[in-house]
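Open the model in your viewer and keep the sequence panel beside it. Each stop below gives a selection and then what is found there.

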Amino acid sequence: MQRTLPRAQQAGRDIQSRIRAYQNEKIFLRDHDGTCTGCRFCRFGAKFHINGDTTGAPTWNRPIGAGPGLSGSGNATPFQTVNVTITQPLSFSAETTVAGFDTYLHLYQTSFAPNAQLTNLVAGDDDGGAGLLSLINAANDGPFTPGQYVVVVSGFSNGSFGTYTLEINGAILGFTGSLLDELEATAGTLARLTTRQSFGNTRSGAQNSFATRDLQSPLGFGGNVEGAPVVSSQNGQLMGSLYVWGEFSGFRADHKGSNSPRQFLSTGLQVGADVALDDNFVAGLSAGYNDLEERSTNIETEGDFFYVQPYLGYRRGAWSAEASLMYGEADYDQISIGGKGTANSDVWAIGLSVARDLEMSNSITLTPMASARYGEEDITGKSGTLAGAGSTTVDFSEYSVGARWTRTTQNGVNYIGLHANYVDSSAPQALAGGGFDPEGLSGRVEFGGGVRVTANSDLSMGFQIGGIGSDLPDYAAQVRYGMNF
């Protein structure tokens with residue numbers, strides 16, 4: 001189903017899309033020779049160009065053609081290598097289109113070692129291109145199979161070296177393993193931020209369930225302020241059998257690296273319902289969907305994430321706790337300079353939180369709290385540039401300690417909280433598109449409030465600024481409505 005955005009929001013997205021396209025094209029033209037039509041075409045596998053210079057490069061004794069003989073005149077000719085992944089074997093070609101010397105091209109499958117010149121060698125060409133330029137293609141040297149290859153650019157003789165332009169068709173630059181690393185880092189970060197939000201939602205759902213059943217304040221803190229219809233968490237009786245809630249939320253995280261800016265975006269909807277087991281326990285089930293996006297210098301990723309999440313809430317006197325499990329599935333589209341790849345993943349996570357209300361006055365409550373969360377995501381490349389990339393697993397964990405200050409009023413509550421988070425992840429950090437490191441200690445600030453809409457329903461809104469002091473600051477917001485039946 002196509003989503004319709006408000007006109008102002010759609011206009012803002014259009015402007016952002018144009019800015020991103022302009023920035024990507026500038027980066028592409030800076031890193032390449034500028035003779036192709038630009039990355040808007042090149043990213044879908046039309047072709048790309050690489051400028052190089054073999055002057056002063058390492059030397060090797062090149063094979064004659066595809067072997068088995070080795071050259072006598074080119075027994076110490078300078079060379080350079082280019083890693084590619086062939087995605088369109090019938091249209092693949094590698095050609096030196098411009099050069100200041102007599103070029104020679106060789107193609108190796110999987111890997112290349114200059115001292116084992118005949119190992120993995122599949123093709124070689126001297127003057128198949130224009131004049132003294134070289135050409136390897138599927139028509140003359142195939143058939144090729146999709147996968148990882150190394151193009152070696154060198155010269156006919158030991159004195160043949162200099163600048164050149166290499167044109168590649170039907171392949172992407174780099175090995176698919178590097179693209180899988182990019183996706184692993186992206187998907188792991190999106191999964192960590194999404195589960196942080198969803199586990200916070202079930203925590204709020206469980207405690208708001210107690211509050212609504214007790215006719216308490218919407219965020220679950222007791223008190224009796226100016227005759228407001230609230231009952232303390234220490235002496236209320238549960239009422240009603242079913243509490244239903246829905247929450248619309250979103251987050252944005254930004255890495256501002258000078259050479260590798262990244263932006264992570266998500267909006268989602270989560271709904272849940274729980275029943276009272278007794279005065280101290282509620283058991284519930286929630287389900288949700290998140291639209292996922294990541295933007296970086298050379299790669300864009302979009303995804304859809306669906307999940308289910310059972311939870312158990314506890315409250316006895318001033319103490320409260322919540323435990324939850326999550327299982328979800330995600331589909332990703334990754335667009336790079338070399339083309340489009342698809343992948344899917346399975347995500348599971350477990351979380352636990354505990355808190356204690358300290359009544360400072362009839363209207364003020366201070367609540368120290370702590371939480372821990374661990375998850376794993378299994379990612380598998382499926383098609384396009386990620387075909388044959390295999391599978392990988394990324395794990396992540398996040399621990400938080402802090403406190404929330406809450407003020408209860410006649411109409412509802414408002415709160416502010418301060419927390420310290422510690423993040424650990426196995427996601428790769430040394431990425432071709434520019435790495436980032438979200439691990440370690442960071443700060444998080446939250447604020448918001450809630451009002452009781454009717455005697456058995458509540459509406460609340462909250463904001464968070466997290467990752468303070470880390471490589472990846474993030475911003476989140478949510479709106480919740482809950483009702484007891």
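Start with everything selected. Buried residues account for 52% of the 485 residues in the protein chain. The chain holds four helices and 24 strands. Of its contacts with a separation of 6 or more, 67% are between residues 24 or more positions apart.

**Stop 1: colour by confidence**

This is a predicted model, so colour it by pLDDT before reading any side chain. The mean pLDDT of the protein chain is 82, and 80% of the residues reach 70 or more. Select residues 1-46. Here pLDDT stays under 50. The model has 49 contacts beyond four places in sequence for this stretch. Now select residues 430-434. pLDDT stays under 50 here too, and the model has 11 contacts beyond four places in sequence for these residues.

**Stop 2**

Zoom in on strand 7 and strand 6 (residues 103-109). Four bridges join the two, and they run antiparallel. Pick His106: it stands opposite Gly124 in strand 7.

**Stop 3: strand 12 and its partners**

Select strand 12, residues 243-255. Strand 12 pairs with strand 13 in the antiparallel sense over 13 bridges. Pick Trp245, and find Gly272 of strand 13 opposite. Strand 12 is also joined to strand 24 (residues 474-484), by 11 bridges, again antiparallel. On that side, Arg252 stands opposite Tyr475.

Stay on Arg252 and show side chains. Which residue meets the side chain of Arg252 in a salt bridge? The partner is Asp254, at 2.9 Å, N to O. The two ends sit in unlike surroundings. Asp254 counts as buried because its relative accessibility is 5%. Arg252 is partly exposed, with a relative accessible area of 35%. In general, side chains in a regular strand alternate between the two faces of the sheet.

**Stop 4: salt bridges**

Now list the salt bridges. The count comes to 11. Select Arg262 and Glu294. They form a salt bridge, with the closest N and O atoms 2.8 Å apart. This pair links distant parts of the chain: Arg262 belongs to strand 13 (residues 262-276) and Glu294 to strand 14 (residues 281-295), 32 residues apart. Are these residues buried or exposed? Both Arg262 and Glu294 are buried.

Next, select Glu446 and Arg404. Their salt bridge has its closest N and O atoms 3.1 Å apart. This pair also links distant parts of the chain, 42 residues apart. Glu446 is in strand 22 (residues 440-454), and Arg404 is in strand 20 (residues 391-408). Both residues are buried.

Then select Arg192, Arg196, Arg373, Glu398 and Asp474 together. Salt bridges link these residues in a network.

**Stop 5: Glu293 in strand 14**

Go back to strand 14 and pick Glu293, which lies in that strand. Why does Glu293 count as buried? Its relative accessible area is 12%, and the cut-off for buried is under 20%. The side chains of Glu293 and Arg295 are joined by a polar contact of 3.0 Å.

**Stop 6: Met461 in strand 23**

End on Met461, in strand 23 (residues 457-468). Met461 is partly exposed, with a relative accessible area of 42%. Show what lies around it. Leaving out residues up to four places away in sequence, Met461 touches Tyr415, Gly448, Gly449, Gln478 and Val479.

Terms used
Residues are numbered from 1 along each chain as its sequence is written. Side-chain values use heavy atoms; hydrogens and water are left out. Two strands pair if DSSP finds at least two bridges between them. Buried means under 20% relative accessible area, exposed over 50%, partly exposed in between (1.4 Å probe, protein chains only). Contact means heavy atoms within 4.5 Å. pLDDT is the predictor's confidence in each residue, from 0 to 100. A salt bridge is a side-chain nitrogen of Lys or Arg within 4 Å of a carboxyl oxygen of Asp or Glu. A polar contact is a pair of N or O atoms within 3.5 Å; within protein, one must be able to donate a hydrogen and the other to accept it, and residues adjacent in sequence count only if both atoms are side-chain atoms.
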